[in-house]
Amino acid sequence: MNIPAMTTQRSRRFWTLVLIQGFLVLVLLLSAGIMSVLTNRLEHNRDVLLSYLREVSYASTDLLNLQSSLRGFIASEQELFLEGYRQSLPQLDERLSLIAGEPALPNELRRNAHQLRTDIAQWQINYAEKEIALMQSGDVAAAQTLLEESSSIFDALSMRTEDLRTEVRTYFERINNQLSFYNTIILVMVITLAVLLLVSTVILMRFWRRQGSLWRELQVATDDLQERNLALQTSAQAQDKVNQQLRARIDESRLINSINELMVTGTPSTPLYSIIAQRIGEMLNGWCSIVLEPPGPPSERLELVALYHPDTSRMGLIAAWLQNQEIHKTEGLHAPLFTEKQPSIVMLNVPQEIRSPADLEPELQPLADVINLSSYIAVPISIEDRPIGVITIASSQLDYTFDAEQELFLEQIADRISSWIEREHLLELNRQRATELQTSFNSIPDIIITFDANGQRTRINQSGQRFFGSELLNGPTANLWRKPNGQFLTPDEDPVTAALRGNAASDVELALLSQDGDLIIHTVSTAALRDSERGVIGAVVVARDITVRKELDRLKEEFLANMSHELRTPLTAILGYSELLLKRRTEVLTKWHVNKIEGIRTGGQRLLGLVNDLLDVAKLDAGQVDLQRRDVDIHTLIQSQYNLLQPNLHQKNLRLQRHLAPEVPLIAIDSDRINQVLTNLLSNAIKFTPESGTITVSTALLHVNADSSISWQSKPLPDPLPEVEPGEYIVVTVSDTGVGIPQESMPHLWDRFYQVEGGASRRFGGTGLGLSIVQQLIELHGGRVFAHSQGSNQGSTFGFLLPVITTNTQENLPYLHHAPTILVIEDDQDTARIFEHHLYDAGYNVIHARKGHEALEWAERIIPAAITLDLILPDSDGWGILAALRQMPHLADVPVVIATVNDQTSITPGLGVSTYLVKPVTGERLINVITNLIGNTQTQAGHILIVDDDADMVHLLQSALQEHGFQTRTAVDGSIAIDMLQQSELPKLMLLDLMMPIVDGFQLLARIRDDPRTRAIPVIIVTARDLTSEEVHQLRYAAQGIQTKHHLDMETLVAEVQRHVPTKEDAPDAGADDLAR
Amino acid sequence: MPEQTILLVEDDPFNRDILREILEDFPEFNIVETANGQEALAWLTTHGPPALVLLDMMMPQMDGYTMLGELKQRGLLDRMRVIGVSARAREGDQAKALQAGCWRYLTKPFDIAAVEEAVHAGLTEPR
């Protein structure tokens, strides 16, 4: 509510109203006045008129009188009537002259009156007087005649008089009306006036009242405003103060930020301290100094590292003066910071007595004005609560004092400086440690490699780099190590994978591939690298070259083997001769002799047994035991053991019970070795069981499930079984009622040379090798051994688990060192086996992958020299696998030979073999493949037939080939190609697109392969990268149509591979001839 | 009479047999065969020190060393000559045996001549 405006408005309105009213009143008054005047006049006139009305009516009467008088006179000749006449006439005349002379009357009326008077006078003269005269004269007749003559005139006069009267009356009435009208008006005016006055009074009153309240409001508002104004003023002042403070804090903040920036990138040093001091000093326009402990042994001294003084021209001098001062921790204003560990010294107003330094050299006196302190704040710079320096700000100007906030500011700076210094210490320490670590890392002769959580190599030490060389290190890590026999490790066996899973390994023997291609045995230990929060973050592998040790081991083994051999030779003599002698016992020999010779034989036999055991141990250690697996019924073995051991059993009156489960199938085992195992266990049972005891042999079949539970497939055995991988197993146990095994021996039972009663005082002989050999042999078969006993003299049970494998399972072919490795991707077992053997015979190592994903896993881990791919795989799309293989960078140059298989006759698989290239094909690649297949243009004449319906492709291929000097012919469709093949010279090579109308690639391929004429033409299929299932279906269909002989195609396949990957024995261009076959 | 006895302590029957055969070259002496240390000790306690003891050092239940220790404890050892025999032919073994109280140490397999010589010496050499 804008009171002033309102008030003004209202005032204006009021005054306008008042003015209007006043005006109106004035007007009214004026009008009233005028009206009253007029009314008065009118009244007056009226009154006059009234009188004149009387007059005029008298006049009329007079006239009548006149007339009548005259008439009367005339008639009567009485003078009496003349009196009347004489009387009336002047009266009339007077009257009329009155009327004519009355200015109040209208002029016309007056004129009329005058005229009438005149006319009457005339009449008088002309007639009346004449008449009289006549009369007097006695001429009454004349007088009557004259009277009659004048009667009309007199009538006219009288009428005029009447008219005059009427006029006057009318006029009178008019005046009256006017008067009443005027009166009414006046009345109305008065009423209006009264109303106006009333209204204006009311308005005035209201206005006054309103005005009053408004005024009060205004007053209140004004008061209020004043108050606010006052408050505002106060707050403005306060605000100013706050702003000032704020500005100061902002400045300080900015300064701290800028100092932070300095500290982030720089190391603590005098120049940087100086910058800090300068910035602080400039901001505060005062001193700023920083003192710190000098480097080296702790002392009481402090040295000045930075100083700023606002008087920059003399700053140098001041600094020099201070330097000379020899600043001590315990002396000076800052002393309490050190001696009493005070958190700060704040003297916003320095006491007079300490404002200036006490002793100032004379030459420095001129500086006295600037070397004094009026305000002083000092804050310690501390590391771990120990003050190591001071940062000080001070003001020399008497009128400029610091405030308490600046203490906070200084503390923040001090804080940062101390963090900075600490950080620098830590960094230095870190650097030292890192250097130490790096040196150790690189000076260790063992190979150390670290990996991240994804199995990617992060670090390798110098020994490792020297060993592997950069080329190997650029390839996949899995390529770096092998099993000791040279074979590739499966992903589970890979040390890095195991370590990342958390399974650390110690001293695993692996062969590491050196940069010269040699496999060198190392002992490898791995461990996971862990972070307390994130768990496994990587792995570390340490490998030590144990070639020497291995060599020693090997020599030992060789020695052992040799020695065993050497030992056996004399034994032949001992045993042989004693046997011979005993044969002739009935001849010259006495009982005594026989006895002794039998002693020799027994001794010899024992020795032989021992030598055999030692030999076995040596062979097992060297991994030289090859199992000759055949499908065997283990019960047969047990039976023959039983037969063999009859005498021994009989000797001690031992009973042998057999509980053999009929469900136990044939399993593929080395029967000699398992026999050895059985013999050992049974002999032990016999040896350790006292007379009349019982030995029980049991067998059973079981299935170990993924959750480690056991599903018995035959009558269960009560014995607890060791943990094995899920699968099918047979279990064989030999239990006895003999001396049992004490608890403390259990862990060592299978150890080499361990004997329960070892040492000199043993009841039973033996080398302690037996059980160790048993364990190794069983484990070689993929099984596990176990034993338990209730304790001494409570019998014991020894047993083993053997996985149920039949000879259909893949054998391990020995590894060819330095031979290329082919990755065979083939799901059909028989085909794969055949491939393997053929390739192996040709001098290649083979890795066999049965499924697509397995193949990809292998491909990722190793670099095979070539890959053969069966496009029809059970779990994946062969083309998809091909595409995936092609996308692996380290396989870019590895040729993939596609082998499609006739899947109808899996017994005698048919093969269509071609080399596939996947589009887009670079010209170079194409030429390479072609050259490999048929030689280059210099060695081969003839043309290359391109069969493709894609004109652009054809053009590209042609260009590429022609550039290299090859001749080309083209066919846009298979049917045309067939014609060409039939009619004209055979091409040396065909480039074939799969998808063509009429006769497509597969059909063409089938035709080509069927026809002996064209069978030998190498075919390269150039196909698009994405193949639809349609195309795969086509392939299958086409594959069925390809009938080829088993034998020939194997050779072809091998030859194919050889073309790409010559082995050491192959001549470079041996291939061409093979294909012509 | 014990002075006329040679005590044989050997667990292996063949070795015992061989030794006995050798000892039959000294017919004036009685040969007592024991198969283990305990048997031997029992005999010694009962009969006193023999002319010579042939002691196999490696035997079950109580080996040669233990037996010698027992004998030493009972104060019987100085009155006997013990020839220790063992298949252990390593360097320390001889010293060990001698320290345990053996007068001589022979290794197996037996060198017949060496055994004969040692027995002869053991029976004839003055203490």
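**Close-up views of chain A**

**View 1. The contact between helices α14 and α15.** In α14(A), the residues A:Arg673, A:Ile674, A:Gln676, A:Val677, A:Asn680, A:Leu681 and A:Asn684 meet A:Gly770, A:Leu771, A:Ile773, A:Val774, A:Leu777 and A:Ile778 of α15(A), where contact means heavy atoms within 4.5 Å. The residues of this contact divide into 8 nonpolar, 4 polar and 1 charged, with Gly counted as polar. The model is predicted, so local features need pLDDT of at least 70 and side-chain atom pairs count only at pLDDT 80 or more, while totals for chains, interfaces and linings use all residues. Residues are numbered from 1 along each chain as its sequence is written, chains are lettered from A in the order in which they are written, and side-chain values use heavy atoms, leaving out hydrogens and water.

**View 2. The largest nonpolar core.** This core has 51 residues, a nonpolar core being a set of buried Ala, Val, Leu, Ile, Met, Phe, Trp, Tyr and Cys residues joined through side-chain atoms within 4.5 Å, and buried meaning under 20% relative accessible area with a 1.4 Å probe, protein chains only. Helices α1, α2, α3 and α4 of chain A each supply at least two of its residues, and α4(A) gives the most, with 17.

**View 3. The open sheet.** Six strands of chain A lie in the order β8-β7-β12-β11-β10-β9 with antiparallel pairing, two strands being paired if DSSP finds at least two bridges between them. Because β8 and β9 of chain A stand at the edges, each with a single partner strand, one side of each is left without a neighbour in the sheet. Strands β7 and β12 of chain A pair over 6 bridges, and A:Asp452 stands opposite A:Gly538 in β12(A).

Key. Helix = DSSP H or I, 4+ residues; strand = E, 2+ residues; numbered from the N terminus. Buried < 20%, exposed > 50% of the residue type's maximum accessible area, 1.4 Å probe, protein only.
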